[in-house]
Each structure stands twice: as structure tokens, then as C-alpha cells.
Amino acid sequence: MLKTVIESEVPCLAICRGFQELNVVCGGTLHQKLHELANFIEHREDKSADISTQYGLSHTVAIEPGGILEKHWGEKRVEVNSVHTQGIARLGEGLRIEAKALDGLIEAVSFQSEAFTLGVQWHPEWKVTENPFYSTIFKLFGDACRHRSSMREREYEQAKEVAERQ
């Protein structure tokens, strides 16, 4: 399905596993168990903690220059939550790094095309209304969806006019 979304230039916001799947669909690979690799911080949640702690902010990501996140967020670093065991080992073709954890793990990517495609390793849906950075991500996605919808409506109306003239 992700291949079709990308090829059709449908706006896409890939979260957590979706972020990982986006990378794999583009030919990238994953580290299966980050916690077994010495060079990464703990990215898993503490399953003994309450849900608010598990999904609470847990580490910093550095926003890469020149991408969607830098353009619309403006800050160089931001705190995110982290509840994953896998992570990008090799970046997929056509993907651009948007953010990295301070341990170097890729935490956000975008697809280099006209359509909005953003993948994030964290869960921006968690308490989104309380987190301006997370809200920004969903606003960008919503704006992209509305833009695509208006473009499709225009295409439909143009096709309808042509058909009526014939």
C-alpha cells in the first residue's frame, strides 16, 4: 500500500512501525533489536511504568537542516517519546533524513517528491494537543491532505467541463 501511496503522491504520515515500513518499502534495512547494540540509547519504553510515562517525552532529536521539520518547526532540537525496538540501519532510496536521536539513530524521514510524505519513529499522536511540535506535524499533514483534495476537485471539475463540451 505504501508504494501505491508514494507513486500516487497521496499525502502520508508514517508513524512508528509505519516509519519503519516506509524505509523498507524504499529498499532500506532495519536494526531488529536496538537494545542489543552497544552504540544506541534505550529506545524501548519501560513496560512496568504507567502509560503516561511510557509515552512521555524521553529523548532529544536533532532536526536536520533543509527539511520539512526544520522549515516548519524552526528549532534545532526537540524532545520526543520513544517506544520502539527496531530502527533504521540503512536508509531507503529517495528518503531524506529529517531528524536523528543524539545517538545517531534516524528518527524522522521525508520522501523526496512533491507530495507530503513524512515518517517519524515516535508517537506524535500522544497528547498531541499538549505538544506544539506534535501539533505542527499533524497540521502539516492536514494541510497537505486539504491541498491534495482541492487539487483533485479542480481536476474533476476540469474533466467534467471537457466531457460536457463534447
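In this tour, Lys and Arg count as positive and Asp and Glu as negative, while His and the chain ends are not counted; the place of a charge is taken as NZ of Lys, CZ of Arg, CG of Asp or CD of Glu. This is a predicted model, in which local features need pLDDT of at least 70 and side-chain atom pairs count only at pLDDT 80 or more, whereas totals for chains, interfaces and linings use all residues. Residues are numbered from 1 along each chain as its sequence is written, and side-chain values use heavy atoms, with hydrogens and water left out.

**The whole chain**

Select the charged side chains to begin. The chain carries 19 positive and 25 negative side chains, and the centres of the two sets lie 2 Å apart.

Next, display the chain as a cartoon. Its secondary structure consists of 5 helices and 8 strands, in the sequence order α-β-α-β-α-β-α-β-β-β-β-β-α. Helices (H or I, at least four residues) and strands (E, at least two) are DSSP runs, numbered from the N terminus. The C-alpha trace spans about 65 × 35 × 30 Å along its principal axes.

**Trp73**

Select Trp73, which is found in helix α4. Trp73 counts as partly exposed, at 23% relative accessibility; the class lies between buried (under 20% relative accessible area) and exposed (over 50%), with a 1.4 Å probe and protein chains only. Contact here means heavy atoms within 4.5 Å. Trp73 and Pro132 are 59 residues apart in sequence, yet their C-alpha atoms are 9.1 Å apart in space.

**His123**

Move to His123, in the loop between β8 (117-120) and α5 (132-165). Is His123 buried or exposed? His123 is buried, because its relative accessible area is 13%. Select its contacts: leaving aside neighbours within four places in sequence, these are Ile15, Cys16, Tyr55, Asn81, Val83 and Tyr134.

**The largest pocket**

Finally, turn to the largest pocket, which holds about 300 Å³ of space. Of its 16 lining residues, select those closest to its centre: Ile68, Lys71, His72, Glu114 and Phe116. Two or more lining residues come from each of α4 (68-73), β6 (95-101) and β7 (106-111), and α4 gives the most, with 3 residues. On a 1 Å grid over the protein atoms alone, a pocket is an open set of points where a 1.4 Å probe fits, with protein on both sides within 12 Å along at least five of seven lines; lining residues have an atom within 4 Å of a point. Grid points are joined across faces, edges and corners, and the volume is the space filled by probe spheres set on them.
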